[in-house]
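Hi,

Here is the structure I promised to pass on. Have a look first, and my notes follow below.

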Amino acid sequence: MRKAGFTLLEMLAVLLLIGLVASLALPNLAALSGQALRDEARHLATELERARERSVVTGVRHQLVLDLDAGRYWTEWESELAEAPLLGGKQGVAGEPRAGDEREAPHVALSAPARERHRFTPLPDRSGRATALDGEVFVAAIELDSEVVDRGVLELPFESDGSSDPARILLSLPEGTTLTLELLPLADAVRIFDEQS
């Protein structure tokens with residue numbers, strides 16, 4: 001009488017089938033995570049291109065804001081001038097006393113006018129809502145002309161003529177796969193390329 005159980009040949013056949021299925025499935029899992037990275041790079045490139053186009057069409061400065069710590073981004077536009085603080089407390093224009101000020105006007109050295117501060121607000125459409133990066137995709141770093149930023153909140157502004165400062169945005173997955181978005185100062189499109197190739 002034969003005892004219940006598996007023969008060595010049956011066990012090897014099962015292990016061979018499991019190995020075959022795993023060899024077919026694992027590359028597809030890696031491809032799926034790589035596809036998520038490429039999709040997210042295309043979405044972010046589209047938002048950058050849209051912000052540039054809106055700047056040119058409306059004649060109003062726009063900026064893409066990236067929150068690297070929270071893994072999200074949104075588009076803002078220049079809404080109005082922010083209120084500049086009064087110089088010297090009671091004084092309005094530098095060195096000019098306000099009405100009712102009994103003091104003598106102080107001596108003021110000539111200097112370049114302060115740069116206007118502008119206030120940006122999120123766009124009223126879907127581009128103005130914070131969009132989270134998909135899944136495990138994160139911004140590893142943003143390379144600017146003078147520095148590399150890997151945390152915090154960073155604005156990538158577009159002037160009303162569509163020009164911008166050059167930047168490289170490195171999107172990555174935890175296992176190290178990286179794609180780079182290159183924002184050129186005057187190009188209409190954002191280039192996407194693989195760092196490994």
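Which residues point one way from strand 1, and which the other way? His-62, Leu-64 and Leu-66 take one side, Gln-63, Val-65 and Asp-67 take the other, and all are buried. Buried here is under 20% relative accessible area, exposed is over 50%, and partly exposed is in between (1.4 Å probe, protein chains only). Helices (H or I, at least four residues) and strands (E, at least two) are DSSP runs, numbered from the N terminus.

Before you go further: this is a predicted model, where local features need pLDDT of at least 70 and side-chain atom pairs count only at pLDDT 80 or more, while totals for chains, interfaces and linings use all residues. Residues are numbered from 1 along each chain as its sequence is written, and side-chain values use heavy atoms, with hydrogens and water left out.

Back to strand 1 (residues 62–67): six bridges join it to strand 7 (residues 153–158), and the two run antiparallel. Strands count as paired if DSSP finds at least two bridges between them. Leu-66 sits opposite Leu-154 in strand 7. Leaving out residues up to four places away in sequence, the contacts of Leu-66 (heavy atoms within 4.5 Å) include Leu-44, Tyr-73, Ile-142, Leu-156 and Ile-169.

Leu-66 also turns up in the largest nonpolar core, which has 26 residues; Leu-44, Leu-48, Leu-156, Ile-169, Leu-171 and Leu-181 join Leu-66 as those with the most contacts inside it. By core I mean a set of buried Ala, Val, Leu, Ile, Met, Phe, Trp, Tyr and Cys residues joined through side-chain atoms within 4.5 Å. Two or more residues each come from helix 1, strand 1, strand 5 (138–143), strand 7, strand 8 and strand 9. Helix 1 gives the largest share, six residues.

Then there's the open sheet: five strands in the order 6-5-8-9-10, paired antiparallel. Its edges are strand 6 (148–149) and strand 10 (191–194), each pairing on one side only. Strand 8 (residues 167–172) and strand 9 (residues 178–183) are joined by six bridges, with Ala-167 opposite Leu-183.

Helix 1 (residues 8–58) has two leucines to compare. Leu-37 lies in this helix and counts as buried because its relative accessible area is 0%. Its C-alpha is 7.4 Å from that of Leu-171, 134 residues apart along the chain. Leu-15 is in helix 1 too, but counts as exposed because its relative accessibility is 56%.

Cheers
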